[in-house]
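The sequence and structure are shown below.

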Amino acid sequence: MTDILFVVSEEGYWGEECVEPLTTLSDRGADVTVATPTGDPPVVDERSVDPDEVGEETAARVREVAETDERLNDPDPIATADASDYDAVVFPGGHGTEWDVNQDRDARRLLRETVAGDDGKALVVCHAVGILAFTRDADGGFLVDGRDVTGFPNAWEEGIVDEYDRMPDGRKLPYWVEDEVIAAGANWDAELDADVSVTVDGDLVTARGPGSSAAAAETFADELDL
């Protein structure tokens with residue numbers, strides 16, 4: 001059995017970016033555990049279950065999983081998670097990750113220890129890719145330095161925040177993912193001309209955004225030999 005830990009935001013995860021990997025990896029035989037920063041249930045970004053935003057089919061599917069999946073509704077606190085208990089860790093995206101998961105020391109520990117292991121792998125999606133800007137390896141360097149990654153691009157962020165970097169709900173975005181990850185030394189390519197963007201660099205798999213969620217899930221399942 002392949003054991004996978006999902007680290008999900010309590011400040012607003014993007015539904016499709018969580019549900020696609022969660023269901024795909026489960027269907028292919030993985031044993032999935034969900035954790036959040038405090039152990040409270042994660043919160044889905046309401047925009048990601050708005051039919052006008054994502055379509056009726058996606059909205060209905062995401063909302064059903066978010067409301068009924070026992071793993072999502074009874075998570076562990078990430079401080080109690082031991083990376084050695086898992087073969088892989090998944091970080092679904094969503095703007096909410098910028099306020100909790102990405103700068104959480106236990107989330108960073110889990111990412112660092114998973115990819116430092118002999119066979120551990122990580123999937124990091126969309127805004128969660130920002131965690132790479134704050135995670136250092138055992139030698140103190142940035143984990144992402146010199147790695148090929150994709151993630152939520154500045155070109156898309158410009159269409160969401162206002163001139164003061166405020167989100168539609170009024171919260172100020174603390175940083176832009178592309179800028180921070182590049183500053184940490186990543187080789188960034190969001191492949192804006194492609195329909196999907198999933199990048200595999202050894203034990204690290206990154207995905208651009210909601211439209212790449214399904215491809216990311218399948219790619220990661222293949223990487224885990226599921």
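At roughly what angle do the axes of α1 and helix α3 cross? The axes of α1 and helix α3 (residues 56–68) cross at roughly 70° and come within 10 Å; axes are lines fitted to C-alpha atoms, for helices over the stretch in contact, with angles from 0 to 180 degrees between N-to-C directions. α1 and α3 are therefore roughly perpendicular to each other, a term for angles of 65 to 115 degrees. The crossing of α1 past α3 is left-handed, meaning that the near helix is turned anticlockwise from the far one by less than a right angle.

The model is predicted: local features need pLDDT of at least 70 and side-chain atom pairs count only at pLDDT 80 or more, whereas totals for chains, interfaces and linings use all residues. Residues are numbered from 1 along each chain as its sequence is written, and side-chain values use heavy atoms, with hydrogens and water left out.

**Helix α1 and its neighbour**

Helix α1 covers residues 15–27, and its 13 residues reach 18 Å from the first C-alpha to the last, close to the 18 Å expected at 1.5 Å a residue. The expected span is 1.5 Å times one less than the number of residues. Helices (H or I, at least four residues) and strands (E, at least two) are DSSP runs, numbered from the N terminus. In α1, 11 of the 13 residues are buried (buried means under 20% relative accessible area, exposed over 50%, partly exposed in between; 1.4 Å probe, protein chains only). Among the buried residues of α1 are Cys-18, Val-19, Pro-21 and Leu-22. Leu-22 and Val-65 are 43 residues apart along the chain, and their C-alpha atoms are separated by 9.5 Å. Val-65 is found in helix α3 and counts as buried, at 14% relative accessibility. After α1 comes Gly-29, whose phi is positive, near 105°.

**Aromatic contacts**

The structure holds two aromatic pairs. Rings of Phe, Tyr and Trp (its six-membered ring) pair if their centres lie within 6.5 Å; planes under 30 degrees apart count as stacked, over 60 as edge-to-face and the rest as tilted.

| Pair | Centre distance | Plane angle | Class |
|---|---|---|---|
| Phe-134 and Tyr-175 | 5.2 Å | 65° | edge-to-face |
| Phe-152 and Trp-156 | 5.5 Å | 80° | edge-to-face |

Phe-134 lies in the loop between β5 (121–125) and β6 (148–149) and Tyr-175 in the loop between α6 (154–157) and α7 (177–183), so this pair ties together parts that are 41 residues apart in sequence. Phe-134 is partly exposed, at 24% relative accessible area, while Tyr-175 is buried at 6%. In the other pair, Phe-152 is buried at 7% and Trp-156 is partly exposed at 35%.

Two arginines also meet rings. The charged end of Arg-136 sits over the ring of Phe-142, 4.0 Å from its centre, and that of Arg-171 sits over the ring of Trp-99, 3.9 Å from its centre. Such a contact requires NZ of Lys or CZ of Arg within 6 Å of the ring centre and within 35 degrees of the ring normal.

Cys-126, a residue other than glycine, has a positive phi near 60°. Cys-126 lies in the loop between β5 and β6 and is buried at 2% relative accessibility. Asp-165, likewise not a glycine, has a positive phi near 65°. The loop between α6 and α7 holds Asp-165, which is partly exposed with a relative accessible area of 21%.

Notes:
Parallel < 35°, antiparallel > 145°, perpendicular 65-115°, else oblique.
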